[in-house]
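Please keep the sequence and the 3D view open side by side while you go through this note. Each point below can be checked by picking the named residues.

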Amino acid sequence: MNVCVLSGGVGGAKFVRGMVDAVEPSSVTVIGNVGDDLEVLGLHVSPDLDSILYALAGVNDEARGWGRTDESWNALESVAELGGEAWFQLGDRDLGLHLVRAELLREGLPLSAVTARLAARLGIRARILPATDDRLRTFVATGAGELSFQDWFVRRGHRDEVNGVRFEGAETARAAPGVTDALRDADLIVIAPSNPYVSIGPVLAVQEIREALTGRRVPCVAVSPLIGGRSVKGPADRMLSRLQGGTDPIQVTQCYLDLIDALVIDEADADGAAPVEEVGVRVIVARTLMSDSDARRRLAEAALEATAALR
Ligand code: GDP
Ligand code: CA
């Protein structure tokens, strides 16, 4: 059973962690978002790929919700003291990874090869692929003008309402090596409970990936990132309200129309199932709060069971 998961950062990473507990880890391929990537302090940071790496290596900080466990902030304090760019939170251990990545990229390795090397060193058996090795960057249109993703998300704390998103470089970006093969060889494609606009949007903006999904011969199941119409964390609910007109399961479905065969929604949203079924998407109701490892695995299993029902 080969499973291919499209994922953003923290929400997606939690889900992927459940998936590798539910199936043989080496049969899981994760296609991660790179629209959030940024250059800071001369280093290439891939926040979403790193969340996946840390979660699968079991070194993510569950209490803080992002970054590495057992983290310290000495380097960043020094950066601030010296008047360097210190708005993007980079812990000491995290910086170690960025240093290694920067060095390998400088040697000319593509991001996909660098990510594979980091994953291997962390003992990860699932395959983690960036959606693309090419430069792809998310920008959001707000009342304060167009902002780069991290400017909006981190520097301004995603307080600006979003009127639209744009993925710079998407028109020419090729899928990273292995991505279209993984989608073609998958028995199941899953869209993780990630932000549809700024985490999954940039992945689907890569033409080859979108085409692989529209031309799929196997089921594709999305897991809703909303519980009771609210995001567990982050701006997905506000974005859905503003850009899609609501936060019911049908609005999540509309983000993925023609791309999914089933949607896993939370028990708290079961009332909103009918309109989704009406557009030909099967609804699976589950408990979707990934509060611990059992809950994560059960949610992955719910997505797997959806496939069985679709066959
Ligand atoms: P980011 O790139 O770090 O912002 O992470 P993602 O886009 O992958 O995940 C963010 C989304 O995950 C948010 O919309 C959250 O609502 C959702 N999320 C986080 N934890 C959970 C959970 O336990 N269950 C569900 N269903 N969604 C979650
Ligand atoms: Ca992200």
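**Notes on the predicted model**

1. Start with a charged pair. Arg125 and Glu24 form a salt bridge, with 2.5 Å between the closest N and O atoms. The term means a side-chain nitrogen of Lys or Arg within 4 Å of a carboxyl oxygen of Asp or Glu. Arg125 sits in the loop between helix H5 (111-121) and strand S5 (127-130), and Glu24 in the loop between helix H1 (10-22) and strand S2 (28-32), so the bridge ties together parts that are 101 residues apart in sequence. Helices (H or I, at least four residues) and strands (E, at least two) are DSSP runs, numbered from the N terminus. Arg125 is exposed at 53% relative accessibility, while Glu24 is partly exposed at 39%. Buried means under 20% relative accessible area, exposed means over 50%, and partly exposed is in between (1.4 Å probe, protein chains only).

2. Before going on, note the ground rules. This is a predicted model: local features need pLDDT of at least 70 and side-chain atom pairs count only at pLDDT 80 or more, while totals for chains, interfaces and linings use all residues. Residues are numbered from 1 along each chain as its sequence is written, chains are lettered from A and ligands numbered from 1 in the order in which they are written, and side-chain values use heavy atoms, with hydrogens and water left out.

3. How many salt bridges does the structure hold? There are 22. One of them joins Glu62 to Arg296, with the closest N and O atoms 3.8 Å apart. Glu62 is in the loop between helix H2 (47-57) and helix H3 (74-81), and Arg296 is in helix H13 (residues 293-310), so this pair links parts that are 234 residues apart in sequence. Arg296 is buried, at 5% relative accessible area.

4. Another bridge pairs the side chains of Arg156 and Asp160, at 2.9 Å from N to O. Arg156 is partly exposed at 26%. Asp160 is buried at 11%. Bridges can also share partners: Arg17, Glu62 and Arg296 are joined into one network in that way.

5. Now the nonpolar interior. A nonpolar core is a set of buried Ala, Val, Leu, Ile, Met, Phe, Trp, Tyr and Cys residues joined through side-chain atoms within 4.5 Å. The largest one has 92 residues, and Leu6, Phe15 and Met19 have the most contacts inside it. Which residues does Met19 touch, leaving aside its neighbours within four places in sequence? They are Val3, Val5, Val28, Val190, Ala300 and Leu304. Contact here means heavy atoms within 4.5 Å. A second, separate core has eight residues, including Leu38, Leu43, Val45 and Leu90.

6. Turn to ligand 1. Of the 20 residues around it, Ser194, Ser199, Pro225, Thr288 and Met290 come nearest; a residue counts as near if one of its heavy atoms lies within 4 Å. H1 gives the most to this shell, with four residues. An N or O atom in the side chain of Ser199 is 2.6 Å from an oxygen atom of the ligand. Backbone atoms take part too. An N or O atom in the backbone of Gly12 lies 2.9 Å from a ligand oxygen, and one in the backbone of Ser224 lies 3.0 Å from a ligand nitrogen. The protein covers 91% of the 590 Å² of accessible area that ligand 1 has on its own. These areas come from the Shrake-Rupley method with a 1.4 Å probe; for residues, only the protein chains shown count as cover.

7. Look at His44 in strand S4 (residues 43-45). Is His44 buried or exposed? At 15% relative accessibility, His44 is buried. Its side chain makes a polar contact of 2.9 Å with that of Asp37. Such a contact is a pair of N or O atoms within 3.5 Å; within protein, one must be able to donate a hydrogen and the other to accept it, and residues adjacent in sequence count only if both atoms are side-chain atoms.

8. Finally, check two backbone angles. Asp70, in the loop between H2 and H3, has a positive phi near 60 degrees and is not a glycine. Asp258 has a positive phi of about 75 degrees, and is not a glycine either. Asp70 is exposed at 56%, and Asp258 is exposed at 63%.
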